[in-house]
Amino acid sequence: MIMKSIKSKITGMLACASLLMCGCVESYEYEAASLSGEGNAFIVGNAVTTLGFKPGDALTFSVTIQRPDSSEAGTVHLSTTSKIVTLPEGINFAKGEKSKTVTLSFQSQEATTDTVKISVAPADASNYGVTSATYILKHYKVRHVDYVSGWFEKTWNNLEILEAGNGNFSLSIPLNDANNNAFLPIEIVKHTDGKVFVRPQDVYASRSNKGDVLMLRVVGNWTGDASRLYNDADIANASTYAGNYNANDDAFELNFAWYAPNYGWWGWNDEKLYFLD
(Lines give C-alpha, C1' and ligand atoms only; values in the text may rest on other atoms or scores of the structure.)
Protein backbone atom coordinates (compact mmCIF):
# COMPACT_ATOMS: atom_id res chain seq x y z
CA MET A 1 0.00 0.00 0.00
CA ILE A 2 2.75 2.38 0.89
CA MET A 3 4.61 1.73 -2.40
CA LYS A 4 1.39 2.13 -4.38
CA SER A 5 0.71 5.46 -2.64
CA ILE A 6 4.23 6.76 -3.36
CA LYS A 7 3.95 5.69 -7.01
CA SER A 8 0.60 7.46 -7.28
CA LYS A 9 2.05 10.69 -5.87
CA ILE A 10 5.07 10.61 -8.19
CA THR A 11 2.83 10.02 -11.21
CA GLY A 12 0.68 12.95 -10.17
CA MET A 13 3.69 15.22 -9.73
CA LEU A 14 5.04 14.31 -13.18
CA ALA A 15 1.67 14.98 -14.74
CA CYS A 16 1.54 18.43 -13.12
CA ALA A 17 5.09 19.22 -14.25
CA SER A 18 4.18 18.14 -17.77
CA LEU A 19 1.14 20.40 -17.80
CA LEU A 20 3.20 23.32 -16.52
CA MET A 21 5.82 22.80 -19.23
CA CYS A 22 3.21 22.55 -21.94
CA GLY A 23 1.55 25.66 -20.61
CA CYS A 24 4.82 27.60 -20.83
CA VAL A 25 5.56 26.53 -24.40
CA GLU A 26 2.06 27.24 -25.66
CA SER A 27 1.83 30.71 -24.09
CA TYR A 28 5.38 31.83 -25.04
CA GLU A 29 5.56 34.75 -27.48
CA TYR A 30 8.76 36.29 -28.84
CA GLU A 31 9.01 40.04 -28.53
CA ALA A 32 11.83 42.08 -29.96
CA ALA A 33 13.91 43.94 -27.41
CA SER A 34 12.67 47.45 -26.87
CA LEU A 35 14.38 50.15 -28.91
CA SER A 36 12.98 52.90 -26.76
CA GLY A 37 15.51 55.68 -26.35
CA GLU A 38 17.80 54.17 -29.03
CA GLY A 39 18.23 54.62 -32.74
CA ASN A 40 16.70 52.19 -35.17
CA ALA A 41 19.09 51.69 -38.10
CA PHE A 42 22.32 49.97 -39.08
CA ILE A 43 24.31 49.33 -42.27
CA VAL A 44 24.21 45.95 -44.00
CA GLY A 45 27.39 44.79 -45.75
CA ASN A 46 31.13 44.38 -45.32
CA ALA A 47 33.12 46.55 -42.95
CA VAL A 48 35.41 47.51 -45.87
CA THR A 49 34.43 47.46 -49.55
CA THR A 50 36.81 48.28 -52.42
CA LEU A 51 35.25 49.56 -55.65
CA GLY A 52 36.89 50.45 -58.98
CA PHE A 53 35.70 52.94 -61.56
CA LYS A 54 36.98 53.36 -65.10
CA PRO A 55 36.67 56.58 -67.10
CA GLY A 56 33.05 56.96 -68.16
CA ASP A 57 31.65 54.90 -65.29
CA ALA A 58 29.00 56.45 -63.09
CA LEU A 59 30.69 57.62 -59.90
CA THR A 60 28.17 56.08 -57.53
CA PHE A 61 28.03 53.33 -54.92
CA SER A 62 25.24 51.74 -52.89
CA VAL A 63 24.63 51.53 -49.16
CA THR A 64 21.93 49.33 -47.61
CA ILE A 65 20.23 50.48 -44.42
CA GLN A 66 18.16 48.14 -42.24
CA ARG A 67 15.79 48.84 -39.35
CA PRO A 68 15.34 46.27 -36.55
CA ASP A 69 11.91 47.73 -35.80
CA SER A 70 9.82 48.48 -38.91
CA SER A 71 6.48 48.78 -37.16
CA GLU A 72 6.30 52.53 -37.86
CA ALA A 73 7.34 54.89 -40.64
CA GLY A 74 10.58 56.74 -40.01
CA THR A 75 13.52 58.67 -41.41
CA VAL A 76 17.17 57.65 -41.15
CA HIS A 77 20.07 60.06 -41.63
CA LEU A 78 23.62 59.28 -42.73
CA SER A 79 26.84 61.10 -41.93
CA THR A 80 30.37 61.29 -43.33
CA THR A 81 33.47 63.42 -42.96
CA SER A 82 34.26 63.01 -46.68
CA LYS A 83 33.98 66.09 -48.88
CA ILE A 84 33.55 64.12 -52.11
CA VAL A 85 30.34 62.23 -51.27
CA THR A 86 26.83 63.64 -51.57
CA LEU A 87 24.42 62.37 -48.90
CA PRO A 88 20.62 62.54 -49.04
CA GLU A 89 18.88 64.81 -46.53
CA GLY A 90 17.15 61.75 -45.12
CA ILE A 91 16.14 58.21 -46.05
CA ASN A 92 12.40 57.75 -45.63
CA PHE A 93 10.96 54.38 -44.62
CA ALA A 94 7.30 53.48 -44.91
CA LYS A 95 5.51 51.57 -42.18
CA GLY A 96 6.58 47.92 -42.45
CA GLU A 97 9.62 48.76 -44.62
CA LYS A 98 12.60 47.03 -43.07
CA SER A 99 15.50 47.83 -45.42
CA LYS A 100 16.36 50.21 -48.20
CA THR A 101 19.34 50.56 -50.55
CA VAL A 102 20.38 54.08 -51.47
CA THR A 103 22.79 55.20 -54.18
CA LEU A 104 25.40 57.76 -53.21
CA SER A 105 27.31 59.83 -55.74
CA PHE A 106 30.83 61.17 -55.37
CA GLN A 107 33.30 63.34 -57.26
CA SER A 108 36.94 62.50 -57.86
CA GLN A 109 39.72 62.77 -60.42
CA GLU A 110 41.19 59.93 -62.45
CA ALA A 111 44.20 58.15 -60.96
CA THR A 112 43.03 58.74 -57.39
CA THR A 113 41.98 56.53 -54.48
CA ASP A 114 39.71 57.87 -51.77
CA THR A 115 38.74 56.18 -48.52
CA VAL A 116 35.23 57.13 -47.42
CA LYS A 117 33.48 56.22 -44.18
CA ILE A 118 29.67 56.26 -44.20
CA SER A 119 27.84 56.11 -40.86
CA VAL A 120 24.31 56.16 -39.56
CA ALA A 121 23.88 59.46 -37.74
CA PRO A 122 24.33 58.94 -33.96
CA ALA A 123 20.71 59.80 -33.17
CA ASP A 124 19.50 57.12 -35.60
CA ALA A 125 22.11 54.43 -34.90
CA SER A 126 20.96 51.11 -33.47
CA ASN A 127 22.86 48.91 -31.03
CA TYR A 128 21.75 45.85 -33.00
CA GLY A 129 24.13 46.08 -35.95
CA VAL A 130 27.17 47.75 -37.53
CA THR A 131 26.48 51.44 -38.01
CA SER A 132 29.55 52.42 -40.09
CA ALA A 133 31.13 51.07 -43.27
CA THR A 134 34.28 52.05 -45.16
CA TYR A 135 34.45 52.28 -48.95
CA ILE A 136 37.73 52.46 -50.87
CA LEU A 137 36.91 54.21 -54.13
CA LYS A 138 39.49 53.72 -56.89
CA HIS A 139 38.97 56.07 -59.83
CA TYR A 140 41.23 54.59 -62.46
CA LYS A 141 43.20 56.22 -65.21
CA VAL A 142 43.68 53.85 -68.15
CA ARG A 143 47.28 53.48 -69.25
CA HIS A 144 48.98 50.97 -71.54
CA VAL A 145 52.08 48.78 -71.33
CA ASP A 146 54.01 46.22 -73.32
CA TYR A 147 54.19 43.23 -70.99
CA VAL A 148 57.11 40.85 -71.48
CA SER A 149 56.42 37.80 -69.29
CA GLY A 150 59.02 35.19 -68.48
CA TRP A 151 56.43 33.14 -66.63
CA PHE A 152 53.98 32.91 -69.51
CA GLU A 153 56.75 33.05 -72.14
CA LYS A 154 54.72 35.61 -74.00
CA THR A 155 54.65 39.32 -74.83
CA TRP A 156 51.45 41.34 -74.80
CA ASN A 157 51.61 44.66 -76.64
CA ASN A 158 49.54 47.70 -75.72
CA LEU A 159 48.00 45.92 -72.74
CA GLU A 160 45.70 47.97 -70.50
CA ILE A 161 46.89 48.76 -66.98
CA LEU A 162 44.82 50.80 -64.53
CA GLU A 163 46.40 53.47 -62.34
CA ALA A 164 44.60 54.38 -59.12
CA GLY A 165 46.94 56.96 -57.63
CA ASN A 166 49.44 56.75 -54.78
CA GLY A 167 51.48 54.29 -56.84
CA ASN A 168 48.66 51.75 -57.15
CA PHE A 169 48.27 49.82 -60.42
CA SER A 170 46.00 46.97 -61.49
CA LEU A 171 47.12 44.65 -64.30
CA SER A 172 44.74 42.18 -65.95
CA ILE A 173 46.32 39.37 -67.97
CA PRO A 174 44.06 38.49 -70.95
CA LEU A 175 43.89 34.73 -70.35
CA ASN A 176 41.40 32.19 -69.01
CA ASP A 177 42.41 29.67 -66.35
CA ALA A 178 41.83 25.94 -65.85
CA ASN A 179 38.23 26.66 -64.83
CA ASN A 180 37.76 28.82 -67.93
CA ASN A 181 37.51 31.92 -65.76
CA ALA A 182 39.28 35.17 -66.52
CA PHE A 183 42.45 35.83 -64.54
CA LEU A 184 42.07 38.07 -61.52
CA PRO A 185 43.97 41.38 -61.78
CA ILE A 186 47.40 41.66 -60.19
CA GLU A 187 47.60 44.61 -57.78
CA ILE A 188 50.97 46.35 -57.96
CA VAL A 189 52.22 49.13 -55.68
CA LYS A 190 55.10 51.48 -56.54
CA HIS A 191 56.63 53.36 -53.63
CA THR A 192 58.07 56.85 -53.97
CA ASP A 193 61.62 55.45 -53.87
CA GLY A 194 60.90 53.41 -57.01
CA LYS A 195 60.62 50.06 -55.27
CA VAL A 196 57.67 47.95 -56.42
CA PHE A 197 55.73 45.51 -54.23
CA VAL A 198 53.24 42.74 -54.98
CA ARG A 199 51.45 41.29 -51.95
CA PRO A 200 50.31 37.62 -51.98
CA GLN A 201 47.10 37.43 -54.02
CA ASP A 202 45.01 34.93 -55.99
CA VAL A 203 45.39 35.22 -59.78
CA TYR A 204 44.29 32.06 -61.59
CA ALA A 205 43.41 28.38 -61.27
CA SER A 206 45.98 25.91 -62.58
CA ARG A 207 46.17 22.12 -62.85
CA SER A 208 48.93 20.36 -60.92
CA ASN A 209 50.88 17.36 -62.24
CA LYS A 210 48.57 15.26 -60.05
CA GLY A 211 45.53 16.58 -61.86
CA ASP A 212 44.33 18.82 -59.02
CA VAL A 213 42.92 22.22 -59.97
CA LEU A 214 44.32 24.78 -57.54
CA MET A 215 44.21 28.53 -57.20
CA LEU A 216 47.64 30.02 -57.82
CA ARG A 217 48.88 33.08 -55.98
CA VAL A 218 51.59 35.51 -56.95
CA VAL A 219 53.98 37.36 -54.64
CA GLY A 220 56.92 39.70 -55.19
CA ASN A 221 60.23 37.83 -55.34
CA TRP A 222 62.95 40.27 -56.43
CA THR A 223 65.38 39.15 -53.72
CA GLY A 224 64.42 35.48 -54.03
CA ASP A 225 63.01 35.36 -50.50
CA ALA A 226 59.72 33.85 -51.74
CA SER A 227 61.29 31.15 -53.92
CA ARG A 228 60.13 27.63 -53.08
CA LEU A 229 57.72 28.93 -50.44
CA TYR A 230 54.06 27.94 -50.36
CA ASN A 231 52.91 27.66 -46.73
CA ASP A 232 50.95 30.68 -45.58
CA ALA A 233 53.10 30.97 -42.45
CA ASP A 234 56.29 31.15 -44.54
CA ILE A 235 54.84 33.48 -47.16
CA ALA A 236 53.80 35.86 -44.37
CA ASN A 237 57.51 36.45 -43.68
CA ALA A 238 58.38 37.24 -47.31
CA SER A 239 59.16 40.87 -48.11
CA THR A 240 56.74 41.04 -51.14
CA TYR A 241 59.42 43.21 -52.78
CA ALA A 242 58.83 42.62 -56.49
CA GLY A 243 61.35 44.87 -58.24
CA ASN A 244 62.00 48.44 -59.28
CA TYR A 245 60.83 51.24 -61.52
CA ASN A 246 63.39 52.05 -64.22
CA ALA A 247 62.90 55.74 -65.01
CA ASN A 248 65.15 55.60 -68.09
CA ASP A 249 62.98 52.96 -69.75
CA ASP A 250 59.76 54.02 -67.99
CA ALA A 251 59.31 50.38 -66.98
CA PHE A 252 58.70 48.07 -64.05
CA GLU A 253 61.42 45.40 -63.80
CA LEU A 254 59.96 42.66 -61.63
CA ASN A 255 60.21 39.08 -60.44
CA PHE A 256 57.15 37.08 -59.39
CA ALA A 257 56.92 33.80 -57.47
CA TRP A 258 53.89 31.57 -58.06
CA TYR A 259 52.50 29.05 -55.58
CA ALA A 260 49.40 27.16 -54.47
CA PRO A 261 48.76 28.01 -50.79
CA ASN A 262 49.77 25.18 -48.45
CA TYR A 263 50.17 22.85 -51.44
CA GLY A 264 53.34 23.61 -53.40
CA TRP A 265 55.43 26.18 -55.23
CA TRP A 266 55.16 26.52 -59.02
CA GLY A 267 58.19 28.66 -59.90
CA TRP A 268 59.37 32.21 -60.50
CA ASN A 269 60.39 34.39 -63.43
CA ASP A 270 61.28 37.92 -64.48
CA GLU A 271 58.46 40.15 -65.70
CA LYS A 272 58.79 43.54 -67.42
CA LEU A 273 56.17 46.21 -67.99
CA TYR A 274 57.09 49.01 -70.42
CA PHE A 275 54.79 52.00 -70.13
CA LEU A 276 53.57 53.46 -73.42
CA ASP A 277 51.74 56.53 -72.11
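**Close-up views of a predicted protein model**

**Figure 1. Overview of the protein.** The protein exposes about 15,900 Å², of which carbon and sulfur atoms supply 51%; accessible areas come from the Shrake-Rupley method with a 1.4 Å probe, and for residues only the protein chains shown count as cover. This is a predicted model, in which local features need pLDDT of at least 70 and side-chain atom pairs count only at pLDDT 80 or more, whereas totals for chains, interfaces and linings use all residues. Residues are numbered from 1 along each chain as its sequence is written, and side-chain values use heavy atoms, with hydrogens and water left out. The secondary structure comprises two helices and 20 strands (DSSP runs numbered from the N terminus: helices are H or I with at least four residues, strands are E with at least two). Of the 277 residues in the protein, 35% are buried (buried means under 20% relative accessible area, exposed over 50%, and partly exposed in between, with a 1.4 Å probe and protein chains only).

**Figure 2. The open sheet S2-S10-S9-S5.** Four strands form this open sheet, and their pairing is mixed. Strand S2 (48–53) and strand S5 (78–79) stand at the edges with a single partner strand each, so one side of each is left without a neighbour in the sheet. S2 pairs in the parallel sense with strand S10 (residues 132–139) over six bridges; two strands pair if DSSP finds at least two bridges between them. Val48 has Thr134 as its bridge partner in S10.

**Figure 3. Two hairpins that share strand S12.** Strand S11 (residues 141–149) and strand S12 (residues 154–163) run antiparallel and are joined by eight bridges. Within this pair, Val148 has Thr155 of S12 as its bridge partner. S11 and S12 form a hairpin with four residues between them, and Glu153 in the turn has a positive phi of about 50 degrees. S12 also pairs in the antiparallel sense with strand S13 (residues 168–171), over three bridges. Here Glu163 stands opposite Phe169 in S13. The hairpin of S12 and S13 likewise has four residues between its strands, and Gly165 in its turn has a positive phi of about 85 degrees.

**Figure 4. The surroundings of Ser208.** Ser208 lies in the loop between strand S16 (201–207) and strand S17 (213–220). Ser208 is buried, with a relative accessible area of 9%. Not counting residues up to four places away in sequence, Ser208 touches Leu214, Tyr263 and Trp266 (contact means heavy atoms within 4.5 Å).
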